[in-house]
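Please look at the sequence and the model together while reading.

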Number of protein chains: 2
Amino acid sequence: MAADADNDDDIGNGLRDIKGVQSFLPSEQMTREYIADTLKRHFRLYGYRPIETSILDFYDIAASKYAGGAEILKETYRLKDQGNRDLILRYELTFKLAKLIGMNPNLRMPFKRYEIGKVFRDGPTGTGRLREFTQCDVDVVGTASTLADAEIIALAFDIFRDFGIGVYIEVNSRNLMFGIFERLGIPERNRIDAALSLDKLLKIGESGVRKELLDKGISKDIIDGIFKILGEADSRKSNEEKLEYLESIANNSLAKTGVAELKEFFGFCASMHATGDLRLTPTLVRGLGYYTGIIYEVYLEKGKMKSTLAAGGRWDHMIKDFLKSDREYPATGITFGLDSIYAALQEKKASLPEAAARSVPVLLIIPVDTMEESLKILQQSRGIGISADILPGKKLTKALEYANSESIPYTMVVGKKELEIGSVKLRDMHTGREREISLSALKSSLTLLKDYGAHLGAES
Amino acid sequence: MAADADNDDDIGNGLRDIKGVQSFLPSEQMTREYIADTLKRHFRLYGYRPIETSILDFYDIAASKYAGGAEILKETYRLKDQGNRDLILRYELTFKLAKLIGMNPNLRMPFKRYEIGKVFRDGPTGTGRLREFTQCDVDVVGTASTLADAEIIALAFDIFRDFGIGVYIEVNSRNLMFGIFERLGIPERNRIDAALSLDKLLKIGESGVRKELLDKGISKDIIDGIFKILGEADSRKSNEEKLEYLESIANNSLAKTGVAELKEFFGFCASMHATGDLRLTPTLVRGLGYYTGIIYEVYLEKGKMKSTLAAGGRWDHMIKDFLKSDREYPATGITFGLDSIYAALQEKKASLPEAAARSVPVLLIIPVDTMEESLKILQQSRGIGISADILPGKKLTKALEYANSESIPYTMVVGKKELEIGSVKLRDMHTGREREISLSALKSSLTLLKDYGAHLGAES
């Protein structure tokens, strides 16, 4: 649970938080930093490099219809600066990547990047819907090969395996879906609109989607056709059988492109041993207009969470259109939700990876009228890579209580009598066992604690 | 240099960035992530734990005069959300910590936390002055001991030693300064105002400060007195001699408190072996009203940069006043500027720590009609912790050119003929040397590349 109450009411002292805007205490933030670091490690293993884009940007640039446009602008925070410029807070990282590429035209392609950062949406709040949250994006720009899509699937399976979170991934092709629409006679200008209605299938059910499509001027016959084809495909068991059926009804080049790219994609997934639970899902749409080819969503296998842990797909036209360029900028990528991964890890709290729950500090030094010597030991401990702290001015029992309540695994009592005979007492707070440690062997004794690292990038 | 031009003009395609708002390409961001990770590692070694607070907050909470008030609000971005609520973007992390403590009254003291995050200031831009930038704060709340201040100095020296950046730290006591003001007859209500004028000494010189103080209604005699005492103190060489002189003129309890806390502080620094270049600087003020006792600023020893690399001090009253509480919340802390540390590292680019310049990826696999086998090797490499990538569909010379231009240290050509005899070619791009590697010994050969880690938290 977030540190702050999730509502606008104050708690009696005038303090309150904005709904959908969270803060995190150390017990939570330790896990969140572990998530971000784990993601970064995998992103780099796959050859993605970090960038950082700004949160503030000009309204007119973000409002370009090619950057997500009207769909997303409804929920965008706007503000004026003191120079009366019309600004926004970024609502996603994808259009920021498009802009970065536009402003740095000499970047070498393919350009693989990751970015982890805050985004802002001024929309309704609720389960999985926040106003300020962290997105973790990986994208590659400059390659049209479905190998790039397969690589993202391999990456996603690797990451969730590392987190110990069981997932399945739904995959589809927008080309295939639009090809089916074409077969049924839906005019090109209505395709994205029809797709965005289908995207609400889980939320509003088939009858809700049917009503929306009717309202959008699509005939009952066509709607029947959509559900018949999607239902037929869905009734097949394996991805191969589904693809076989879809191939059999693919009577135009769009649908054929969709089938072909899915086949190639599944082939690359096999070669890369991206062998998790990958499900061809012909009803999958994704809620944004700018997606083009392969699209995918990652779901929790078991558990109460219905929202996606990660999602993405191809967005081959956005940069070109956005930059009004003649050059092609095919692109594909995925967004990992830090908050939803955190929630998924919370659900299985008992088995949180040890690294996620590491304590800071590992060692609490308790001086008993031995301040100077204690400070020396404190700095020695830190110097060899042990996260350590000192608690002066407290009685011994109070200090031990403090260590207990803060889950600090080791304490060291530095007393006068012990110092005189050249030793200190090291206490394992978990077992209660105490050991006398010789000051001359302090360094080697402390080194044994180092496995509790409790900090990033521990030096060896 | 930042990726984006530092001005509002577009570069011909309608794209432009806000002045003082930066974006960073991978070559820059790799170093920035190295800086943030190094800071975090040291923060944790010293027992500080992470928190995360929100960027968006209510205007009325931030506008509380106890949270920095009018001084800082002049430069605060304000916005309305769709519910017409009056919001701000946070301008610093300190008041967010005060609020977090107010909203979580059961946090155990002392509470040591760090937070790294973006802050926003709608002010004039220029050297070292940005509108969107990253602050890295460590603070401890709940201890009045100068040991906490000394610990921050030790931490700062450790960090800049690790970065290989030579620094000196200026230190002073607000109590001492206000005690000197009292001795000279400046009424209590004018003290902070007079101090904030003195803070501009470097910027506007003695004559400028004198004029400001006169305008604030302080007499010429008193102003002469200020500069006489500060000049006398400054003319002494060592910190001990300066303190001795200041003690000799300390005729009231405020000044005596200041001298005593500085003496105790220097004693703790010595015990902690915080033995860098620490300079008692009686003219040091810090530009915010909320500071109380010991204050400090970290400067680059050599180099063109005049702005501080880090700065902070005691802010004992803010939380209590802000929360309108009866309880005392003494606090002290420091802010490290990610951007100024980055600039300092840039100045000495030639000797950038190896870790800061590590390449992602380390290995580029070049398939020559051997896609499937190449993908297998690619995933094997990543699986054992080597940051690797593949570049299909390019001629060999083009692929090697790409690796060169992207500073990828190793390439592996997977050719058909070599595969038939069970080997691949590994090329050191720096020396140009090639080695035939047996596929059966691939894993051990690749493991040799692992030292190039090129990712965080490399597993051993």
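Q: At roughly what angle do the axes of helix α6 (residues 174-184) of chain A and helix α11 (residues 253-271) of chain A cross?
A: This is a predicted model, in which local features need pLDDT of at least 70, side-chain atom pairs count only at pLDDT 80 or more, and totals for chains, interfaces and linings use all residues. Residues are numbered from 1 along each chain as its sequence is written, while chains are lettered from A and ligands numbered from 1 in the order in which they are written. Helices (H or I, at least four residues) and strands (E, at least two) are DSSP runs, numbered from the N terminus, and axes are lines fitted to C-alpha atoms, for helices over the stretch in contact, with angles from 0 to 180 degrees between N-to-C directions. The axes of α6(A) and α11(A) come within 7 Å, and they cross at roughly 155 degrees.

Q: How is α6(A) oriented relative to α11(A), roughly parallel or roughly antiparallel?
A: Angles under 35 degrees count as roughly parallel, over 145 as roughly antiparallel, 65 to 115 as roughly perpendicular and the rest as oblique. The angle between α6(A) and α11(A) is roughly 155 degrees. Therefore α6(A) is, relative to α11(A), roughly antiparallel.

Q: How do the residues of the contact of α6(A) with α11(A) divide by class?
A: Two residues are in contact if their C-beta atoms, placed from the backbone, lie within 7 Å. The contributors from α6(A) include Leu176(A), Phe178(A) and Ile180(A), and those from α11(A) include Leu254(A), Val259(A) and Leu262(A). Ala, Val, Leu, Ile, Met, Phe, Trp, Tyr, Cys and Pro count as nonpolar, Asp, Glu, Lys and Arg as charged, and the others, Gly among them, as polar. On this basis the contact of α6(A) with α11(A) has seven nonpolar, four polar and three charged residues.

Q: Is the crossing of α5(A) and α11(A) left-handed or right-handed?
A: Helix α5 (residues 146-163) of chain A packs against α11(A) at an angle of about 50 degrees, with the axes 8 Å apart, which means that α5(A) is oblique to α11(A). A crossing is left-handed if the near helix is turned anticlockwise from the far one by less than a right angle, and right-handed if clockwise. The crossing of α6(A) and α11(A) is left-handed, whereas that of α5(A) and α11(A) is right-handed.

Q: Which residues of α11(A) meet α5(A)?
A: By class, the contact of α5(A) with α11(A) has six nonpolar, one polar and three charged residues. From α5(A) come Thr146(A), Leu147(A), Asp149(A), Ala150(A) and Ile153(A). Their counterparts in α11(A) are Glu261(A), Glu264(A), Phe265(A), Phe268(A) and Cys269(A).

Q: Which are the edge strands of the open sheet of eight strands in chain A?
A: Two strands pair if DSSP finds at least two bridges between them. The sheet has the order β1-β5-β6-β11-β10-β9-β7-β8 (chain A), with mixed pairing. An edge strand pairs on one side only, and this holds for β1 (49-50) and β8 (277-280) of chain A.

Q: Which residue is the bridge partner of Val171(A) in β8(A)?
A: Strand β7 (residues 167-173) of chain A runs parallel to β8(A), and four bridges join the two strands. In β8(A), the bridge partner of Val171(A) is Leu280(A).

Q: Where does Pro110(A) lie?
A: The peptide bond from Met109(A) to Pro110(A) is cis, with omega near -5 degrees. Pro110(A) is placed in the loop between α4 (94-103) and β5 of chain A.

Q: Which helix gives the most to the side of chain B that touches chain A?
A: The contact takes 77 residues from chain B and 78 residues from chain A. On the side of chain B, these residues divide into 33 nonpolar, 18 polar and 26 charged. With ten residues, the element that gives the most is helix α1 (residues 26-45) of chain B.

Q: What is the mean pLDDT of chain A?
A: The pLDDT is the predictor's confidence in each residue, from 0 to 100. In chain A, 90% of the residues reach 70 or more, and the mean pLDDT is 88.
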